[in-house]
Amino acid sequence: MNQEDKTPYVVTSKSYTAVAINAASKAGEWIKSRLGTVKQLNTKSAVSDLVTEVDKGTEQMIRKLIFTHFPDHALLGEEGVEPGPEASTKALAKVAEEEYLWIVDPIDGTTNFVHGFPFFSVSIALAHKGEVIVGVIYDPSRDEMFVAEKGKGAYVHGKRMSVSEEASLEQSLLATGFPVGRDSTLPVNMAGLAHLAPKVRNIRSGGSAALHLAYVAAGRLTGFWEIGLNAWDIAAGALMVTESGGQITDTAGNPYTLAVRHVAATNGAVHAELVQALKEASATGLEGK
Ligand code: IPD
Ligand code: CA
Ligand code: CA
């Protein structure tokens, strides 16, 4: 480096996707090595809303890895935002206009991580002017790296993914999640669950929204819905689902944007039926808005 040049050396030649994969893979290995070692278990908005020193450390690690290559980009990470829907909506609004925005959930499925239930993931997305162009979700327990690039498809184990072929809810395996808000979002979700359970083949709730979306993309689930999520739970998986031939909207069927919190993602074939069922049950989370 030139003596007068005080700018730190920046590696810029790597592709966005390569950086995302590298960060997710390093973060995932670190998380796996810390399974069963959590020392400090803190709660955020509710007793069911857990955060550990591993969540925070992992986000730091991902930030460093991304900024080494792209110091001018913006980053929205779960651990940098106060808990609660208002704070996350505000935090997203602040960076939504950025040309390049990385959206990071260091551990999606912290409750599972804490309990040693092997279903959690690292989720990293890159949005260009508000549109997701790269999505990476890594499941360290199974060493599965799900990767999507806008216009180039989505892959797992280097193999192109495509959504499943079920044509009706009756044949569908769906997943949902139980959101943190016990008094607000949970009753709405229970109404949706009660209405949908008799209509579908079965319902799962694995505890990682990002992995559920990756599973829809991989054709392992027909669809997924959940209310009360945040941009970092959904962004990477949203691109994965569309690049695999599926559909993602809000729970009322409106187009997906980074601001969507109540999400429905399917193989496309059952999308209208799922959205209709959620409306019938007043379970879109958007009622009265
Ligand atoms: C949670 C997981 C879970 C979903 C919750 C999310 P976190 O994320 O995605 O599956 O049901 O709504 O908050 O807190 O483990 O990153
Ligand atoms: Ca999450
Ligand atoms: Ca998280």
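Buried residues are defined here as those under 20% relative accessible area, exposed ones as those over 50%, and partly exposed ones as those in between (1.4 Å probe, protein chains only). The structure is a predicted model, in which local features need pLDDT of at least 70 and side-chain atom pairs count only at pLDDT 80 or more, while totals for chains, interfaces and linings use all residues. Residues are numbered from 1 along each chain as its sequence is written, chains are lettered from A and ligands numbered from 1 in the order in which they are written, and side-chain values use heavy atoms, with hydrogens and water left out.

Donors are taken as N, O and S atoms within 2.8 Å of the metal (3.2 Å for Na, K and Ca); water is not among the atoms, so sites may look incomplete. D108 belongs to strand β4 and D233 to helix α7 (residues 231-243), so the pair ties together parts that are 125 residues apart in sequence. Both D108 and D233 are buried. Helices (H or I, at least four residues) and strands (E, at least two) are DSSP runs, numbered from the N terminus.

E78 and I107 are buried. D105 coordinates both the calcium ion (ligand 2) and the calcium ion (ligand 3), and the two ions are 3.8 Å apart.

Strand β4 also takes part in strand pairing, which requires that DSSP find at least two bridges between two strands. β4 and β5 run antiparallel and are joined by 7 bridges, with Y100 opposite H128 in β5. Strand β5 (residues 121-128) has 7 of its 8 residues buried, so it is largely enclosed by the rest of the structure. β5 pairs in turn with strand β6 (residues 131-139), in the antiparallel sense and over 7 bridges; here L126 stands opposite V134 in β6. The hairpin of β5 and β6 has 2 residues between the strands, and K129 in this hairpin takes a positive phi near 50 degrees.

V134 is also one of the residues touched by T17, together with V147 and E149, residues up to four places away in sequence not being counted. Contact means heavy atoms within 4.5 Å. T17 is found in helix α1 (residues 16-33) and is buried, with a relative accessible area of 8%.

An open sheet of 5 strands has mixed pairing and the order β11-β10-β12-β14-β13. Its edge strands, β11 (202-204) and β13 (247-250), each pair on one side only. From one strand to the next, the twist averages 20 degrees. Axes are lines fitted to C-alpha atoms, for helices over the stretch in contact, and angles run from 0 to 180 degrees between N-to-C directions. Strands β12 (residues 223-226) and β14 (residues 263-266) pair in the antiparallel sense over 4 bridges, and W225 has A264 in β14 as its bridge partner. Helix α5 (residues 185-196) lies across β10 (173-176), β11 and β12, at about 150 degrees to β12. Helix α8 (residues 271-280) lies across β10, β12, β13 and β14, at about 150 degrees to β14.

In helix α6 (residues 209-217), 9 of the 9 residues are buried, so this helix is largely enclosed by the rest of the structure. Just after α6, G219 takes a positive phi of about 80 degrees.

A nonpolar core is a set of buried Ala, Val, Leu, Ile, Met, Phe, Trp, Tyr and Cys residues joined through side-chain atoms within 4.5 Å. The largest such core has 45 residues, and those with the most contacts inside it are L76, I103, F146, M240, Y256 and L258. Helix α7 supplies the largest share of this core, 9 residues. The core draws at least three residues from each of domain 1 (3-160) and domain 2 (169-280), the domain bounds coming from an automatic or database domain assignment. Apart from this core lies another, of 27 residues, among them A23, L65, Y100 and I133.
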